[in-house]
Structure formats: structure tokens, C-alpha cells
Amino acid sequence: MKIATYNVNGVNGRLPVLLRWLEEAQPDAVCLQELKAPDEKFPEKALEDAGYGAIWHGQKSWNGVAILARGKAPVETRRGLPGEDEDTHSRYIEAAVNGVLIGCLYLPNGNPWPGPKFDYKLRWFERLKRHAKDLLDSGAPVVLAGDYNVMPTDIDVYAPERWQDDALFRDEVREAFASLVAQGWTDALRKLHPDERIYTFWDYLRKRWERNAGLRIDHFLLSPDVAKRLKQAEVDRHVRGWEKTSDHAPVWIALR
DNA sequence: ATGCCGTGGAAACCACGA
């Protein structure tokens with residue numbers, strides 16, 4: 001089973017790129033982030049024609065998450081994280097696909113630090129940790145995939161010294177990620193590529209793609225039984241080089 | 001400290017991203 005995550009940066013503006021990649025990669029399930037579209041503007045028909053059932057949680061202009069499943073409808077189990085009723089951002093959706101529970105998340109960016117956006121990021125992280133613990137305790141096979149907006153360690157950043165006070169790399173945020181993983185999750189890409197420089201995002205600015213000045217911020221966390229089935233974990237880097245492409249590349253895992 | 005690029009929405013500029 002192949003599961004992917006892709007921050008598309010605008011699902012309608014990016015539709016040709018998304019369809020081209022789906023056709024090429026043939027993932028069984030896909031987590032999308034940054035739809036930047038309200039529910040009624042989600043391209044349901046185009047994805048259905050491409051062979052994918054979908055559930056989505058949109059929002060005007062910003063955020064927005066979706067889960068796609070090849071040849072079937074994902075079975076939705078949750079939308080939104082518990083714990084903050086006044087949170088209006090569409091950043092979490094969860095569904096069962098082929099017997100795997102998939103949580104699709106778009107963690108807040110958090111910049112600038114310090115400030116209310118950074119505080120919101122930390123609160124969101126705490127809510128994610130509480131829910132993740134419940135999922136682990138349930139004993140279900142779980143994959144938590146998406147844009148975490150965190151580079152977990154120095155080798156996940158092209159120039160760590162320049163990112164110390166950025167909301168994607170502040171100690172508090174790296175510690176939050178580490179303590180989430182410590183619940184018993186496996187970081188799939190790091191598990192299979194312990195020492196490699198792997199990036200999933202390259203800013204449009206300053207020729208960051210051409211210089212391979214990237215960040216690893218899109219992650220797969222696997223529950224213990226799913227981790228035992230892990231056979232491949234890769235980044236579809238070439239997609240970042242396409243015309244009118246997202247600033248993120250698709251990331252995927254293959255399970256036995 | 002800011003723009004560099006790019007998206008979407010509203011209104012010919014702005015908020016936001018990472």
C-alpha cells in the first residue's frame with residue numbers, strides 16, 4: 001500500500017500538477033494540505049475522473065486538508081482536532097483507507113516568533129499530541145502524515161544556524177516534535193534513511209530549488225504495527241521542478 | 001529590517017506562507 005502526503009499550495013491553481021503526479025505515482029491514499037479553497041470549490045469531479053474518492057475540509061483563502069483514496073471513498077473518522085472550540089482553521093482530517101487509519105495534518109507555521117501565531121502553533125502541537133496518544137492507545141494501525149512545519153534536527157535544514165529563531169526550528173517546536181515521536185511513533189523517512197540529507201520543501205525565493213537549499217518539514221509518523229510493515233519512504237523531488245509547481249514535493253511510503 | 005516568489009481574494013493592493 002502506497003500512502004502519500006503533498007502540500008499542494010492551492011488545490012485549484014495546482015490541479016494540472018496534482019493530476020499529472022497522481023497519474024504517474026498511482027498512490028493508494030493521499031493527504032493534501034493547503035487547499036486554499038472553500039468546500040464548494042474543491043475539485044471533486046476532476047479527482048473522481050482521475051480515479052480518486054475524497055473527503056475534504058476546506059476554508060476560504062487559507063489552510064484546508066483532504067484525503068484521497070484510489071478507487072474508493074475514504075471513511076471519515078474525524079475532522080478537526082479536539083481541545084479548542086474557537087479554532088476555525090481547517091488543519092486536520094482523518095479517515096480509514098484499506099484498514100489503515102490516516103490522520104492528515106497541516107500544523108501552523110507559527111511565524112513570527114515571538115507572538116500569538118507562535119503560541120497558537122504550540123497549543124496546536126499539544127492538542128495533536130493528546131489526540132496522537134489516544135490513537136496509539138486505541139491499538140489501531142495509524143499513519144499521521146502531513147506538513148508539520150518543523151525541521152526535527154540539524155540535518156533537516158540546509159543552513160541550521162540561520163533558522164534558530166524561526167518558528168519552524170525553535171527549540172520549543174523541535175522538542176514538541178521529539179516528545180510526540182517519543183510516544184512510540186516512527187519517523188518513516190528517517191527510519192529508512194538515517195543519515196541522508198532529505199528535503200521536502202524549497203522556497204520559491206532566492207533560487208532555493210536551484211541551490212538545493214531545502215527543508216524537511218513534511219513527515220510520516222507510523223504507529224508500531226505500521227512501522228513493522230514499512231518497506232519504502234521517498235520524496236518525489238522531480239515534481240518540485242515542474243512548471244507551476246508547489247513549493248513542497250510529494251512524499252510517500254510503501255507498506256507491505 | 002526587507003524584498004526576493006507565489007497563491008487567493010478583493011479591488012488594483014493585501015494577508016499569508018516557511
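Tutor: The buried residues of helix 1 pack against strand 3, which covers residues 52–57. The model is a predicted one, and in it helix 1 runs over residues 15–25, with Val17, Leu18, Trp21 and Leu22 as buried residues. Viewed down the axis of helix 1, these buried residues fall within an arc of 130°, so they line one face of the helix. A residue is called buried here if 20 or more other C-beta atoms lie within 10 Å of its own, and exposed if 12 or fewer do; by that criterion Glu23 and Glu24 are exposed, and they sit on the face of helix 1 that is turned away from its buried side. Just after the helix, the backbone at Gln26 adopts a positive phi of about 50°.

Turning from this helix to the chain around it, chain A contains 6 helices and 12 strands. Its radius of gyration is 17 Å, close to the 18 Å given by the globule rule for 256 residues, so chain A is as compact as a globular protein of that length. The C-alpha trace of chain A spans about 45 × 45 × 40 Å along its principal axes, and buried residues account for 45% of the 256 residues. Among the contacts in chain A with a separation of 6 or more, 67% are between residues 24 or more positions apart.

Some of the strands form an open sheet of 6 strands in the order 5-6-7-8-10-9, and the pairing within this sheet is mixed. Strand 5 (75–79) and strand 9 (186–187) are the edge strands, each of them pairing on one side only. Within the sheet order, strand 7 is next to strand 8; strand 7, residues 100–106, and strand 8, residues 142–147, pair in the parallel sense over 6 bridges. To place that pairing at the level of residues, Gly103 has Leu144 in strand 8 as its bridge partner.

There is also DNA strand B to consider, which is surrounded by 25 residues, the closest being Gly10, Gly13, Lys36, Asn109 and Tyr204. In composition, the residues of the surface near DNA strand B divide into 9 nonpolar, 9 polar and 7 charged.

To return to the part you asked about, helix 1 has its buried residues packed against strand 3, while Glu23 and Glu24 are exposed on the face turned away from that buried side.

Notes
Residues are numbered from 1 along each chain as its sequence is written. Chains are lettered from A and ligands numbered from 1 in the order in which they are written. This is a predicted model: local features need pLDDT of at least 70, side-chain atom pairs count only at pLDDT 80 or more; totals for chains, interfaces and linings use all residues. A residue is near a molecule or strand if its C-beta atom, placed from the backbone, lies within 6 Å of it. Ala, Val, Leu, Ile, Met, Phe, Trp, Tyr, Cys and Pro count as nonpolar, Asp, Glu, Lys and Arg as charged, and the others, Gly among them, as polar. Two strands pair if DSSP finds at least two bridges between them. Helices (H or I, at least four residues) and strands (E, at least two) are DSSP runs, numbered from the N terminus. The radius of gyration is taken over C-alpha atoms; the globule rule is 2.2 Å times the number of residues to the power 0.38. Two residues are in contact if their C-beta atoms, placed from the backbone, lie within 7 Å. The arc is that of the directions from the helix axis to the C-beta atoms.
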